[in-house]
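Subject: Structure for you to look at, with notes

Dear colleague,

I am passing on the structure we spoke about, and I would be grateful if you could read the notes with the model open beside you.

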Amino acid sequence: MASVSYHISNLLEKMTSTDKDFRFMATNDLMMELQKDSIKLDEDSEKKVVAMLLKLLEDKNGEVQNLAVKCLGPLVNKVKEYQVETMVDTLCSNMMSEKEPLRDISSMGLKTIIAELPPSSTGARRLHIPLKRPLSGTLVSFHASILSSLLPLLTSSRLAVRKRAIIALSHLVSSCSSALFTQLAEHLLAELSSGQVTSATRTYIQCLATISRQGGHRVGEHLEKIIPLVVKYCSVEDDELREYCFQAFEAFVRRCPKEMSCHISTIVKLCLKYITYDPNYNYDADEEDEDDSMDTDNEEQESDDEYSDDDDMSWKVRRSSAKCLEAVISTRRDLLLELYGSVAPALVARFREREENVRTDIFLAFIALLRQTRAPPGHLAPTEYGAKEDPALSQLKKQVPSIVKALHKQLKEKSIKSRQGCFSLLTELASVAPGALADHIPALIPGIVYSLTDKSSSSNMKIDALSFLYVLLCNHPPEVFHPHIKIFLPPVVRCTEDPFYKITSEALLVTQQIVKIVRPLEKPTSMTFDVRPYVKDLFSATLQRLKAADIDQEVKERAISCMGYIICHLGDQLGADLQPTLQIFLDRLKNEITRFSAVKALTLITASPLKIDLRPVLPEGIQILGSFLRKNQRALKLSTLSALTVLVTNYSDSLKPSMMESVVNELPALISESDVHVSQMAIALLTCMTKVCPSSLTKIGGTVLPEVLHLVHSPLLQGGALGAIVELLQALVVNKASNISYNELVKSLTGPFFGSQKSAEPVHRQSYYSVAKCVAALSTACPNEASATISNFIQEVKATRTSESARILSFLCLGEMGRSMNLGGQKELKTVILEAFSSSNDEVKSAASCALGNICVGNLKEYLPFMLKEIGSQPKRQYLLLHSLKEVISASTAEKLKPHVEEIWALLFKHCECAEEGTRNVVAECLGKLTLVNPAQLLPQLKKQLSSGSPHARSTVVTAIKFTIVDQPMPIDELLKDCIGDFLKTLQDPDLNVRRVALVMFNSAAHNKPALIRRLLGTVLPALYKETQIRKELIREVEMGPFKHTVDDGLDIRKAAFECMYTLLDSCLDGLDIFDFLNHVEEGLKDHYDIRMLTFIMLARLCALSPAAVTQRLDRLVEPLRATCTTKVKAGSVKQEFEKQEELRRSAMRAVAALLSIKEIQQSPVMVDFASLIHSNTEMATIFESIQKDTSSTACATETMDTS
């Protein structure tokens, strides 16, 4: 510290020298010191440095002044905050000086400090307050005079002044009032309406484009007058004016999509006309010479770009037309089919454009068209039931030959920019339409090879060519590449030796894909391709990078992965090279940086059907893998468990118990409810070991098994992890591993629920189901011992002394056992279950109902008629019996159920008009799931019931449809697509409850299978929006003693409607009119607590999905948010009211934070005032800051560091 202070003091002394060179050198040295991370200044040095630099800002030498400004940047982060405040205060006061040079240099210094200051610092806040206030307060009063000063400058004779005036106006429109904006728009319109074309005309149109980009939503109101004028000026013979016209169109299309809808066709026609506007060049001559030019050598080819004419400005018109088309394509996915019919062929025809810049923009426009062709979320894939190929994709595939024909010549041009554009377009095409280029591989390969081998190709050119080749290889069948491998493999191999790491990395990725296509392991029998000539090249190139230690991390990882694929696919061709390579993998496993990649590669190798000989490396390899299981890196643990599972499965004959001991010892710590996925993987490994090498598990009874049993009783256990435990327990008793018997395992599982072993802590409900599944799995594996267990459970449920928990578990175990084995021999079982239906404990009744359903699944012949008879004759038990029937329908296969469908169907329809809503819901679920058994026959019957006179019956039928819509592809999908519109007509049903369940069904369809309802949105949305409105006739007052309570019977249906709207945002955004949608969001922001909470979330989502539309409606959205944030609960209100208001306010603040993430909104006067209100209120400011912290911490969440 002392030496630093001494050195700084010397520099400061030199800065006072009369010699300007001394001052310059000393200031330069100080800047170099300040840029070092290690430098630390004491308090005295800080003060002196700050004072000296501020003094040097007034130095007579300009170079010294500039250096002093540059020093301020790094200094900001090296001194304490009060010193920063001193700097800011001094610079601000300097800006008020009468000396112009001091004002200029101080403003530069202030700009440098602002760029370096963190937003939360005191210095930043000191700047924030004086800079922000003028926007919201002081400067507003000057907006009118600023406008009147700027408008005359638009006609200045100096071009630079006109441009500056346009920029100033664009900044003004983002914060001025609506009246002032209208004044500006009317002025521009009046000047453009004069009809005279002058240099000012170009300026006015340029100004329109600029203010539209900055405050586009405001221009929307005036577009009806603006568009005809701009269209008229397109026909004027002035290329620069035309360019500005198309730039204006582009801005209007991007910023005012709704208002531009009726003008799109006009603009597209103009763009298509002028994209070919090239009066000084004859393209037909090129077409005549095309064949000749194809035969000439590359050296003799003359690029079209060599043609130039300094006076020719027509290329600017073509470029602006292409950009305008790109804007139309990017904003109007609804016109995709029309665009493919008219715009796509025109763009393809213009790929021959002579000007490189224009051609690049034409490529970008076509790439935008390809991106729009990607299926939006929720569209059924063509492989799914009833799904048809997207018409736009079909149109694209028809145009592929003409696209390739237009591009393949350009792939061998000298122009790097053109070739990069071609590769970008082809990469997107190969991704959007997999397999579409299969017939054109011979035309594309020469272009790829040219870019990889051409000495003039830049690094980016090679990377783009390799990226395209990789996407091409991934998206096409291997056979189409086999004739060409000898052509493109050598240049790819040479690229793996490139000194630039990014090229090497990309080349290794391509090499990896080549390995997969030369010998695809999925269909080895059908392959006749001889891979042997290429093995040496592939192996040698990858080995060279695998051995290298002094290379980039990305290259190391790619080399390991690539070699993993080579051994996996070609290991039997490597001969003596195989074992030394495996030894290198062992070394990479020992290296902390490369071990993760090595584990993944090892998993590939062990899974190879070639049965690679790993015996020499197994002992050490397994020991290293075992050590990874105690590391703190979760991804490494998961990959290691996966590798070990594959290893044990495929190499069990080479494993000895002593080798696996280190792995088994690490497993108990991995099995816990804190990470269920890791537990599942560890248990899957145990199961695998139990099946193929049970001798390795002799000691697990006292170590691993207690952890497994503890996890069984966890409330978090379900799904895959539960399935893994079930499989493990079955494997243990079947393979008699670790000498644990069936009875011991059953006793350990059920102990916490019975007698003296009963757990003191309350057992979670999920634990009952988990234990029941485990007991049933053990019984299935040991049927001889299971009968005694069944008898014990029956005795437990019969005995009066049995605890409720034991009775519940016994019923669930009987049910799960009955599902997989026939319990027809247990004659008293029916009686026992029916008696339990009369229990006072609801959970016992539910368990008995579940048991009856599951037992029926295992013995439909005996139990189903019994169940149906009971449903018809026992009204009091009907609800529980219907639940049992639901279990039967859910768990039985379609084949088993088909003989009984008609009988069940008739019974269910007898109860679909039940007055009890709970019963109707169960009936609806049964009907829906039963329809899936035979949709062709049963779906029309459901549809027929819609005409029923009973609202209850209609609501049951509509709810049933909800249960036919699942998130997996089903045979019913195509049938549903044709008739779901009839069921959605119930959205206009006179009965309130029918409309509510119709909305719930619509929400389910929008969430799980949006393709079913996408084409119906035009007719459904008006009915949906209608249900978002508050209806006074549904609001009533209820007297509760001395108090009157308001009840809104329409609240539930409004909530259902808003929930549908939220779902549509994610699944059918392209089918919504966002402005119409926002109208109803605005109403929801003023509604009931529950609905406001929903609409706040929707508003935040809209900020991300459609910021332009939100910006246009900002003024109407801010007021409800302000009202929510400033509302106070009445004194004396109950605690719940305060909590609800607090939650509402937090939710509103989240929406405000989302709004402020949109750049334009940050500058809006309405939002600036609201933000000032939030910051001025301590309570609101605290909430807002905490929300911002939550948002940033979520965005910056990173994986836990490896601290092992």
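This is a predicted model: local features need pLDDT of at least 70, side-chain atom pairs count only at pLDDT 80 or more; totals for chains, interfaces and linings use all residues.

Residues are numbered from 1 along each chain as its sequence is written, and side-chain values use heavy atoms, with hydrogens and water left out.

The chain as a whole

The chain contains 59 helices and two strands, where helices (H or I, at least four residues) and strands (E, at least two) are DSSP runs numbered from the N terminus. Its C-alpha atoms fill a box of roughly 105 × 90 × 80 Å, taken along the principal axes. Of the 1204 residues, 51% count as buried, a term that stands for under 20% relative accessible area, with exposed meaning over 50% and partly exposed in between (1.4 Å probe, protein chains only). The accessible surface comes to about 55000 Å², and 51% of that surface belongs to carbon and sulfur atoms; areas come from the Shrake-Rupley method with a 1.4 Å probe, and for residues only the protein chains shown count as cover. Among the contacts in the chain with a separation of 6 or more, 74% are made by residues 24 or more positions apart, a contact being heavy atoms within 4.5 Å.

Cavities

The structure holds four cavities of 30 Å³ or more, and about 90 Å³ of space lies in the largest cavity. A cavity here is a set of points, on a 1 Å grid over the protein atoms alone, where a 1.4 Å probe fits but cannot get out, and lining residues have an atom within 4 Å of a point; grid points are joined across faces, edges and corners, and a volume is the space filled by probe spheres set on the points. The lining of the largest cavity includes L582, F585, T606, G621 and L647. Two or more lining residues come from each of α27 (578-590), α28 (595-607) and α29 (618-628), and the largest share, four residues, is that of α27.

Single residues

In the loop between α28 and α29 you will find K611, which is exposed, with a relative accessible area of 51%. The phi of K611 is near 55 degrees, a positive value in a residue other than glycine, and most residues other than glycine have a negative phi.

A368 belongs to helix α18 (residues 356-373) and is buried, with a relative accessible area of 9%. Leaving aside neighbours within four places in sequence, A368 is in contact with E326, I329 and S330. From A368 to L425 the C-alpha distance is 9.4 Å, although the two are 57 residues apart in sequence.

S714 sits in the loop between α33 (704-712) and α34 (719-734), yet S714 is buried, with a relative accessible area of 2%. With neighbours within four places in sequence again left aside, S714 is in contact with E673 and S767.

C914 lies in the loop between α44 (901-910) and α45 (917-931) and, on that basis of leaving out neighbours within four places in sequence, is in contact with T919, R920 and H952.

With best wishes

How values were computed:
On a 1 Å grid over the protein atoms alone, a cavity is a set of points where a 1.4 Å probe fits but cannot get out, and a pocket is an open set with protein on both sides within 12 Å along at least five of seven lines; lining residues have an atom within 4 Å of a point.
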